[in-house]
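Okay everyone, thanks for coming. Have a look at the chain on the screen, and I'll talk you through some parts of it.

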Amino acid sequence: MRPAGDFQAYPAVSELVALAADERPRFWVTIDTEEDFDWAAPFARTGFRLDSVPALAECQGFFERAGVVPIYLVDWPIVQDDRAVDILGKAQKVGRCDIGAQLHPWVTPPHAEDVNERNSYAGNLPDDLQRAKMTALRDAITRRFGVVPTAYRAGRYGLGSDTATMLAELGFRCDTSVRAGFDYRKGQGPDYRAAPLNPWWVSTSSGAVLEVPVTTVFGGFLGRRGQGIYHQIARNGLHAGAALARFGLVERIAMTPEGIPAERACRAIDIALDQRLPILTFSFHSPSLQPGNTPYVRTDSDLDRFYRWWDVVLGHLQRRGVEAVDTAGILAMAARNAPPGEA
Ligand SMILES: [Zn+2]
């Protein structure tokens with residue numbers, strides 16, 4: 001048994017937050033709101049751009065028209081940008097978006113560590129330094145947006161064994177750093193292959209924190225049995241995984257417009273609903289809102305496709321009766337499943 005309070009000590013199925021018999025599943029849109037940088041280059045403290053920040057306005061307008069309250073998980077450079085604070089702060093004040101925290105340790109003070117791949121996962125940093133960066137980010141968000149963030153995502157999904165306790169101490173109520181179905185050990189990051197897709201409560205000495213994993217499902221002919229085979233083959237290189245998908249045997253589908261065609265995402269929604277998941281977590285990175293920053297949106301027509309993706313997916317969610325929810329709504333849903341060991 002791993003110590004309690006560790007997000008990676010997965011609970012038994014009976015302890016997961018589940019849908020009540022008459023309860024409808026919900027979805028939320030989580031946006032890693034961050035600086036533009038070269039994803040293929042080594043990590044660097046400086047040299048990033050913030051060119052995609054004005055595109056947040058178009059994004060916010062789109063989701064407002066769709067009746068979705070997105071959550072912007074803002075990181076340090078975004079919090080320092082007056083344009084971002086203006087665009088997102090205005091929407092937040094009237095309840096049209098949520099502001100959460102995303103920690104990219106390499107651009108967040110205090111700068112005491114070497115910048116390298118291992119340290120890009122905040123959970124690998126010494127506890128004091130991880131806590132100091134989380135605190136700096138939380139305080140900057142509170143100061144700049146006038147709101148205390150309750151939701152957190154570790155950049156690169158880099159949770160550590162004490163992150164839950166730190167989050168509870170800092171007043172966070174919800175973490176969304178577990179990317180179920182993904183293995184980041186190659187870069188010395190976490191291994192989430194066995195992570196549940198339902199939310200669960202993590203108890204710490206400072207209170208409970210709700211984990212709401214980023215949704216990824218396994219589809220194809222082999223269904224859920226395919227997951228183990230997928231990971232086995234993936235170890236031998238990506239081509240084998242692509243071949244498996246091509247023959248329709250097993251495919252891993254992340255709920256994101258980044259690299260996943262809309263029809264596959266709709267199929268993933270159906271799989272998630274068959275599994276009776278209470279919350280579907282969608283995600284993408286804000287630099288994708290402007291052509292040229294990420295591998296997924298290179299041109300203007302890519303950006304058109306990006307928004308058409310949301311038209312298709314939001315339409316499918318509506319047809320299937322899945323409603324949008326914000327952070328407070330998720331916490332309220334999950335509160336009905338009592339946090340284990342809550343004193
Ligand atoms: Zn990020």
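First, some housekeeping. This is a predicted model, so to speak of local features we need pLDDT of at least 70, side-chain atom pairs count only at pLDDT 80 or more, and totals for chains, interfaces and linings use all residues. Residues are numbered from 1 along each chain as its sequence is written.

So, the overall picture. The chain has 11 helices and 11 strands; these are DSSP runs numbered from the N terminus, with helices being H or I of at least four residues and strands E of at least two. Of its 343 residues, 45% count as buried. Buried here means 20 or more other C-beta atoms within 10 Å of the residue's own, with C-beta atoms placed from the backbone; exposed means 12 or fewer, and partly exposed is in between. Take the contacts with a separation of 6 or more: 75% of them join residues 24 or more positions apart. A contact is two C-beta atoms, placed from the backbone, within 7 Å.

Now the core. Which residues touch the most other members of the largest nonpolar core? They are F27, Y72, V74, L88, V209, L280 and I330, out of 85 residues in that core. By nonpolar core I mean buried Ala, Val, Leu, Ile, Met, Phe, Trp, Tyr and Cys residues joined through C-beta atoms within 7 Å. Helix α3, residues 82-93, gives the most to this core, with 5 residues.

Let's stay with α3. The helix has 12 residues and reaches 16 Å from first C-alpha to last, close to the 16 Å expected at 1.5 Å a residue; that expected span is 1.5 Å times one less than the number of residues. Its buried residues are A84, V85, I87, L88, A91 and Q92. Here's a handy bit of background: an α-helix has 3.6 residues a turn, so residues three or four places apart point the same way. The buried residues of α3 pack against several elements, including α1 (55-65), β2 (71-74) and β3 (98-103). L88 itself touches L56, Y72, C97 and I99, leaving out residues up to four places away in sequence. Just after the helix, G95 takes a positive phi of about 75 degrees.

Next stop, β3. Why call this strand largely enclosed by the rest of the structure? Because 6 of the 6 residues of β3 are buried. D98, G100 and Q102 point one way, while I99, A101 and L103 point the other. β3 pairs in parallel with β2 over 4 bridges, where pairing needs at least two DSSP bridges between the strands. L73 sits opposite G100. Strand β4 (residues 151-154) also runs parallel to β3, joined by 3 bridges, and there R153 is the bridge partner of Q102.

Over to β7, residues 207-211, where 4 of 5 residues are buried. β6 (residues 200-204) pairs with β7 in the antiparallel sense over 5 bridges, and the two form a hairpin with 2 residues between them. W200 stands opposite E211.

Last one: T281, in strand β10 (residues 279-285). T281 is buried, with 26 other C-beta atoms within 10 Å.
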